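Thanks for coming. I have one structure to go through today, so please have a look at it before I start.

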Amino acid sequence: MDARLSSPGYPLLVLLCTVAALSGARSPVAAAGRSCAETRQVYAVKGYGTDTAPLTQISGEHLRLCPQDYTCCSSQMEETLALQSERDFLKAIEDNSQFLLTTFTQRHRRFDEFFRELIDLSEKSMNQMFTKTYGRLFTQNAHVFQELFVEMRRYYSGGSVSLAEVLSDFWSRLVERVFSLVNPQYQFSEDYLECVSKHAEQLQPFGDVPRKLRVQVSRAFIAARALSQGLATGRDIVNKATKLTADSECVRGLMRQWYCPLCRGMPSLRPCHSLCLNVMKGCLANQADLDTEWNSFIDALYQVSEKLEGPFNMELAADSISVKVSEAIMHMQENSVTISTKVFQGCGSPRPAPGRSKRSPKESGGNRRPFRTYSPEEKPTTAAGTNLDRLVTELKERLRPMRGFWVSLPHTICNDEKMAADVTNEDRCWNGQTRGRYLPDVTGDGLVSQINNPEVEVDIARPDVRTRQLIMELRVVTNKLRHAQSGQDMDFMDSEEGSGSGGGDHGERYNDDWPGYGPYSPPYNKHPRNPASNPAKPPRVRERNGSKWNRNNGNGRVRSAASRPTLSLVSLLCLPFVVTVAPMWR
């Protein structure tokens, strides 16, 4: 008998070999000899050379990111795949945010083109109708109207222009021109006409039309500009928020979930869904902190778009400019006798025009072409091949799914079957070490919640500066949008408290302002304004050479202070018993 068979340790050796064979356990030599053909193939498909790729599994002691078990990855492969995991991550963010970027970019362009064309059509319509109606009287004074539209375009484009002052200046210039036209028998100096425009608010030569137009145009233009700026800001914020770089801890988590299975020779194994969520929430912790302000921003955009669709309709506002200006001119003509009498009393008797006999204002205007309003078929049409209702409807449909985007982004990425295993496949997925169930809980959203993230180490004490800046940008634009819902322009609230542009008219509403929309109730105001604490800003007037109230007979010469004391309007109205002073501006 062989001496080895009679050895005392032989039966134990046989037993161990039998158990190993029956259990199917791999010896280190067998594990090291496992083929890496699938890993090499996938690696090559991604465009990388296989020169450094092992043919069979080798010891993983050299690995820094993946488990240091037997592996099909060399150190160079691990580094290459780590960079690839970062590119895959950034590509996933770009792909999933493309809807936001496309929507904001395209909607901004569509609305901007539409609003600008509305203004152009409004000006073109006014030029055509006024030229047809007033002929040379309009063309000789067309620069007054051109300047109005130039300033409105400048306001819409974001210029530091006050709509209230633009409209006030327009009416001041217009009253000077119209007053001269209804009194052709007189010659008026520039100083005399300035006296007329200075007291236009007391005279109200155009009736209530300027106030009504100011309310309608201001509300519409403020909302239109706020919406356009809001869409542009949304585009910029998405661009900034998605142009991120993954830090080393994030890259470690990305590599471990997506490419460590490849290194283990299991390229088809996807990370468990919960593992993917923890990695994504750690990598996107700062973006999730945008959620509250982002949702408020989306809500404000939605609400302003609804205002533009209804009571702050830009189409109706642009359409009404020429109509209301015509109504104002007609009102002044119909009341020219009363208005002229008050002007003559307040600013002095004008000089007769050379070669003309002195006639009454009524007589002088009797033979000229009458002013009139316009029929509906003459009014401006819609612009840019579409209409406001359609634009707003399309925008609202795209805004709805944007709420909660940043918080739901990890779920959106991990729900992609190419990125992670299905949530129902919990036992046949990569858990970070091997095939099997992922046991840790899924962390919450945002930076602070990552304190116990098992996959990505996040320094919660160091908020991302860029994210904080984006939060501030969202707050600023949201505040502008919310004020625009009440017809208020934040840029001019301090300087024009109580004016049309500053928001003092957000409680006003006229039946003929918004035709076709039925009764409209202004939004509830939790903090009603106190008129006493917010006095209206006085109209802006030109004061180059002192008050025009003291002009004498329109000749442009000011009486000296020594020869006659300066009398203000209030003083004159308070002295009715002085027979030498005529009643003024009643």
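In which hand does α4 pass α16, left-handed or right-handed? The crossing of α4 over α16 is right-handed; a crossing counts as right-handed if the near helix is turned clockwise from the far one by less than a right angle, and as left-handed if anticlockwise.

Before more on that, the ground rules. This is a predicted model, in which local features need pLDDT of at least 70, side-chain atom pairs count only at pLDDT 80 or more, and totals for chains, interfaces and linings use all residues. Residues are numbered from 1 along each chain as its sequence is written, and side-chain values use heavy atoms, with hydrogens and water left out.

Now the overall picture. The protein has 22 helices and 2 strands; these are DSSP runs, H or I of at least four residues for helices and E of at least two for strands, numbered from the N terminus. Of its 586 residues, 48% count as buried, where buried is under 20% relative accessible area, exposed is over 50% and partly exposed is in between, with a 1.4 Å probe and protein chains only. Among contacts (heavy atoms within 4.5 Å) with a separation of 6 or more, 79% are between residues 24 or more positions apart.

The axes of α4 (75-134) and α16 (residues 314-334) come within 9 Å and cross at roughly 25 degrees. An axis here is a line fitted to C-alpha atoms, for helices over the stretch in contact, and angles run from 0 to 180 degrees between N-to-C directions. The two helices are therefore roughly parallel to each other, the label for angles under 35 degrees; over 145 is roughly antiparallel, 65 to 115 roughly perpendicular and the rest oblique.

Which residues meet there? From α4 they include F114, F115, L118 and F130, and from α16 they include M314, E315, A318 and I321. By class, this contact has 13 nonpolar, 4 polar and 1 charged residues. Nonpolar covers Ala, Val, Leu, Ile, Met, Phe, Trp, Tyr, Cys and Pro; charged covers Asp, Glu, Lys and Arg; the others, Gly among them, are polar.

F130 has another point of reference. A142 and F130 are 12 residues apart in sequence, and their C-alpha atoms are 9.3 Å apart in space. A142 belongs to helix α6 (residues 142-156) and is buried, at 11% relative accessible area.

Next, the disulfides. How many does a search of the whole structure find? The search gives 7, a disulfide being a pair of cysteine sulfur atoms within 2.5 Å. I will take three of these.

C73 is joined to C263, S to S 2.0 Å. The torsion about that S-S bond is about -85 degrees, so the disulfide is left-handed. C73 sits in the loop between α3 (37-45) and α4, and C263 in helix α12 (residues 260-263), so the pair ties together parts 190 residues apart in sequence. C73 and C263 are each buried.

C272 is joined to C429 at 1.9 Å, S to S. This link is right-handed, with 90 degrees about the S-S bond. C272 is in the loop between α12 and α13 (273-283), and C429 is in the loop between α20 (405-414) and α21 (465-484), 157 residues apart.

C276 and C414 have their sulfur atoms 2.0 Å apart, and their link is left-handed at -90 degrees. C276 lies in helix α13 and C414 in helix α20, 138 residues apart. Both cysteines, C276 and C414, are buried.
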